[in-house]
Amino acid sequence: MLKKSIIAFSFIACIALLISFRGINSGKQVVRTVIIDAGHGIMANGGYNGAKGRYSHEDDIALSVSK
């Protein structure tokens with residue numbers, strides 16, 4: 001009896017999983033807004049908040065790429 005219950009539960013779970021993924025690609029999705037975060041910037045005390053490289057900081061690179 002336990003084996004039949006486990007098989008039945010597994011079957012129902014598989015069917016539910018398949019049904020839940022059925023409607024994902026059913027219609028076209030339109031991207032209306034793209035938001036680009038340009039980096040952390042300079043803190044109030046003048047220090048940099050992001051990563052620091054040999055000749056640049058994270059916010060310099062991220063701002064250039066986002067523009």
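Let me begin with a term: a residue is called buried when its relative accessible area is under 20%, and exposed when that value is over 50%. Please keep in mind that what we have here is a predicted model.

With that cut-off in hand, we can turn to Asp59, which is found in helix α2, the helix running over residues 58-66. Asp59 has a relative accessibility of 13%, and therefore Asp59 counts as buried. Asp59 and Asn49 are separated by 10 residues in sequence, while their C-alpha atoms lie 8.4 Å apart in space.

Now, for the chain as a whole, the secondary structure comes to two helices and zero strands. The chain has 67 residues, and 6% of them count as buried.

Finally, let us look at Phe11, which sits in helix α1, covering residues 2-22. Is Phe11 buried or exposed? Phe11 counts as exposed, because its relative accessibility is 55%. Together with Ile12, Ile15, Leu18 and Ile19, Phe11 makes a nonpolar surface patch of about 530 Å².

How values were computed. Residues numbered from 1 in each chain as written. Predicted model: local features only at pLDDT ≥ 70, side-chain atom pairs only at ≥ 80, totals over all residues. Heavy atoms only, no water. Patch = residues over 30% accessible without salt bridge, like charges linked within 9 Å, V, L, I, M, F, W, Y side chains within 5 Å. Areas by Shrake-Rupley, 256 points an atom, 1.4 Å probe, with all protein chains shown as cover. Salt bridge = Lys/Arg side-chain N within 4 Å of Asp/Glu carboxyl O. Helix = DSSP H or I, 4+ residues; strand = E, 2+ residues; numbered from the N terminus. Buried < 20%, exposed > 50% of the residue type's maximum accessible area, 1.4 Å probe, protein only.
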